[in-house]
Amino acid sequence: MLDIKFLRDNLEETERRLKTRGEAVTLGAFRDLDLQRRDLLQKSENLKALRNRVSDEISRVKDKSQVQDQIAEMRDVSQQIKALDDRLGEAEAELSQFLLTVPNIPSASTPVGSSEADNVEVRKWGNIPAFAFTPKPHWELGEQLGILDFECGAKLTGARFTLYRGQGARLERALINFMLDLHTERHNYVEILPPFMVNRDSMTGTGQLPKFEDDLFRLDGVDYFLIPTAEVPVTNIHRGEILKSTDLPLRYTAYTPCFRKEAGSYGKDTRGLIRQHQFNKVELVKFVQPDESYAELETLLADAEKVLQLLELPYRVVDLCTADIGFSAAKTYDIEVWLPGQNAYREISSCSNFEDFQARRASIRYREDDKAKPEFVHTLNGSGLAVGRTLVAILENYQQADGTVTVPEALRPYMAGTETIG
RNA sequence: GGAGAGAUGGCCGAGUAGGUCGAAGGCGCUCGCCUGCUAAGCGAGUAUACUGGGAAACCGGUAUCGAGGGUUCGAAUCCCUCUCUCUCCGCCA
């Protein structure tokens with residue numbers, strides 16, 4: 001959510017910067033609505049001040065028969081207040097609904113662009129493996145090895161669900177533990193295991209609602225949603241709180257499954273593990289002071305990259321352009337891992353600085369010192385990493401001519417020493 | 001699922017025959033004094049949001065005692081609904 005006062009004073013500039021996202025944003029109605037709201041508010045508050053004053057006078061008079069006129073008058077005033085407050089409530093609801101649907105302003109450092117083609121490659125790491133044979137896609141490898149069963153997933157649930165079996169299940173679990181250990185033991189994140197369903201307030205706090213309800217799985221009967229990412233519960237840990245500056249930065253890591261409807265992606269990545277309705281992810285979340293958030297974004301990115309480096313998987317880092325960053329983000333780096341089966345880099349992590357956008361929605365503040373006014377923190381998060389896609393990358397990059405897969409050395413302690421799958 | 005109890009400021013905790021309660025008291029914290037030694041004492045201050053005025057410091061208004069609604073001139077205090085917490089029973093991993 002944008003600062004309403006900032007919007008008021010910088011309407012044209014904001015409109016211009018939001019347009020670089022590629023969607024038409026018109027803030028004209030905002031000004032009228034804002035003026036109307038403040039006008040109603042003033043009228044209502046003036047009447048309330050009057051009522052408070054007169055009611056106070058009434059309370060001092062013992063013989064109420066002497067103040068019947070005032071009581072009658074205030075009865076009328078109360079009616080007027082009620083009418084004004086009804087209109088005010090409508091205006092406020094409309095205004096907040098509007099504000100909740102306006103995306104974040106891209107950071108000045110976010111490259112301006114009109115499509116993902118304008119994303120900027122920041123760096124590449126690792127060597128793309130050369131195969132003496134035609135590398136197979138992971139779904140073939142997984143099925144042949146008997147560790148991924150897509151048909152069974154479809155039988156149990158439906159399309160875009162997969163059953164892991166044997167060493168496949170073990171590999172997924174090994175990756176989760178490997179990532180969590182790395183981030184907690186070496187990168188100083190606090191491990192969190194949050195609820196996998198959250199309420200509407202939490203979804204609104206991080207920006208999934210109200211705009212993207214169609215992307216979420218919602219429970220029948222209660223107003224709970226399956227989380228699309230651990231970002232939601234973990235960021236909302238401090239919703240409505242005022243933190244101490246000495247508590248910052250706060251760094252959390254959490255493993256959770258993620259549930260996404262993937263509406264509008266029909267026909268895309270229909271085979272394999274790339275796009276699932278349920279997938280595992282280890283997430284990194286930070287709460288930091290505003291002037292540190294961009295430095296923290298770089299270290300967050302580095303922490304995520306470290307996973308791929310230790311697994312010796314080639315990747316590149318991409319600085320997303322204004323047209324490609326998410327609704328709540330001011331700046332986003334994607335990490336894309338090399339997939340020999342697709343002969344392409346594919347997203348495996350997305351690391352974003354939301355600045356105060358989520359903090360304002362979720363009211364997450366901090367105090368510089370005991371006397372200072374509360375200020376909004378900056379929130380960041382990134383995948384560290386998407387586990388299913390990491391498994392895909394391992395299968396495809398570490399596949400051998402005979403269809404077996406070598407286990408990356410860093411992972412072997414988590415696989416009871418297993419060196420080869422198959 | 002059944003029965004009961006409760007939700008007050010950073011924390012603890014008063015306040016229910018409606019008014020002088022943004023809310024006693026204590027703790028914590030901040031500043032000052034004193035003392036002088038890693039403590040105690042004394043004094044003052046110590047919520048948030050919105051809003052009007054002001055360059056600002058700041059001053060004024062409104063709201064907030066779990067949430068929402070109602071009664072009333074006036075509600076932390078009365079009524080209704082919801083949420084959450086705790087205790088007991090049942091059930092269950």
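This briefing covers the RNA-facing surface, one set of paired strands and the nonpolar cores of the structure above. The model is predicted. Around RNA strand B there are 26 residues, and α3 gives the largest share of that surface, with 12 residues. Elsewhere, strand β10 pairs with both β1 and β11, and the largest nonpolar core holds 50 residues.

**Surface near RNA strand B**

- Among the 26 residues around RNA strand B, the nearest are R8, R75, S78, R365 and R367. Of the RNA strand B atoms that come within 4 Å of the protein, 79% belong to sugar and phosphate.
- By residue class, this surface consists of 14 charged, 7 nonpolar and 5 polar residues.
- An N or O atom in the side chain of R75 lies 2.7 Å from a phosphate oxygen of RNA strand B.
- K82 also faces a phosphate oxygen of RNA strand B, with a polar side-chain atom 3.2 Å from that oxygen.
- For R37, the partner is a sugar or linking oxygen of RNA strand B, and the distance to an N or O atom of the R37 side chain is 3.1 Å.
- Four elements, α1 (4-9), α3 (28-60), α4 (68-100) and β13 (365-367), each give two or more residues to this surface. The largest share, 12 residues, is that of α3.

**Strand β10 and its partners**

- Strand β10 spans residues 315-319 and is mostly covered, with 4 of its 5 residues buried.
- Strand β1 (residues 120-125) runs antiparallel to β10, and 5 bridges join the two. Within this pairing, K124 has R316 of β10 as its bridge partner.
- Strand β11 (residues 331-339) is also antiparallel to β10 and is joined to it by 5 bridges. Here V318 stands opposite D334 of β11.

**Nonpolar cores**

- In the largest nonpolar core, of 50 residues, the members that touch the most other members are L171, L175, I394 and L411. Helix α7 (residues 167-186) supplies the largest share of this core, 8 residues.
- Leaving aside residues up to four places away in sequence, L411 touches L171, A174, L175, F178, L311 and I394.

Conventions:
Residues are numbered from 1 along each chain as its sequence is written. Chains are lettered from A and ligands numbered from 1 in the order in which they are written. This is a predicted model: local features need pLDDT of at least 70, side-chain atom pairs count only at pLDDT 80 or more; totals for chains, interfaces and linings use all residues. Side-chain values use heavy atoms; hydrogens and water are left out. A residue is near a molecule or strand if one of its heavy atoms lies within 4 Å of it. A polar contact is a pair of N or O atoms within 3.5 Å; within protein, one must be able to donate a hydrogen and the other to accept it, and residues adjacent in sequence count only if both atoms are side-chain atoms. Ala, Val, Leu, Ile, Met, Phe, Trp, Tyr, Cys and Pro count as nonpolar, Asp, Glu, Lys and Arg as charged, and the others, Gly among them, as polar. Buried means under 20% relative accessible area, exposed over 50%, partly exposed in between (1.4 Å probe, protein chains only). Two strands pair if DSSP finds at least two bridges between them. A nonpolar core is a set of buried Ala, Val, Leu, Ile, Met, Phe, Trp, Tyr and Cys residues joined through side-chain atoms within 4.5 Å. Contact means heavy atoms within 4.5 Å.
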